[in-house]
Amino acid sequence: MKKYPYFICFVPILSEEDISGVSKIISNKLVGGLPFGGLEDYIYEEVPAVYIKESILGFELVIQGYGGEEGYILEIRSYIRNSELHDAKEITVDITNYIASLLEGTEKIKILYEEISGKDYIDISE
């Protein structure tokens, strides 16, 4: 049976910046400054969240959270599941630590590695 990947990422972040400031920092570091938006869309009901409306290499990027001591979560996942792949098995590919390593050392944000330390660099689960 054919396999296709479904990518996921959940990077916990602390910052003194508000969600807009954190989104600019992450955008500049990961996606060349593409703007996050949609705070007024309430995509996570009561939890503040911003996202990039365009698919980036097939990924959807969302930053959500209240900030402060609770911090934020950077979520990256496959943008659209391909409904045409009826003869393929989906496998989950967790790229959390890879994305965290790309953000490592970025000014004004701190990656909470202790919350993701139990994971491998890239985990492929079937």
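**Exercise 1.** In this predicted model, which residue of β4 stands opposite I63?

*Solution.* Start with the strands: β3 covers residues 59-67, and strand β4 covers residues 71-78. The two pair in the antiparallel sense, over 7 bridges. Within this pairing, I63 faces L74 in β4.

**Exercise 2.** Describe the pairing of β3 with β2, and state how many residues of β3 are buried.

*Solution.* Strand β2 consists of residues 49-51 and pairs with β3 over 3 bridges, in the antiparallel sense. In this pairing A49 is opposite Q64 of β3. For burial, the cut-off is under 20% relative accessible area. By that cut-off, 7 of the 9 residues of β3 are buried, and the strand is mostly covered.

**Exercise 3.** Compare the span of helix α1 with the expected value, then list its buried residues and what covers them.

*Solution.* Helix α1 runs over residues 19-30, which makes 12 residues. From first C-alpha to last it reaches 16 Å, close to the 16 Å expected at 1.5 Å a residue. Its buried residues are I19, G21, V22, S23, I25, I26 and S27. An α-helix has 3.6 residues a turn, so residues three or four places apart point the same way. The cover over the buried residues of α1 includes β1 (2-14), β2, β3, β4 and α2 (96-103). After α1 comes G32, with a positive phi near 65°.

Methods:
Residues numbered from 1 in each chain as written. Predicted model: local features only at pLDDT ≥ 70, side-chain atom pairs only at ≥ 80, totals over all residues. Heavy atoms only, no water. Buried < 20%, exposed > 50% of the residue type's maximum accessible area, 1.4 Å probe, protein only. Helix = DSSP H or I, 4+ residues; strand = E, 2+ residues; numbered from the N terminus. Pairing = 2+ DSSP bridges. Expected span 1.5 Å × (residues − 1). Contact = heavy atoms within 4.5 Å.
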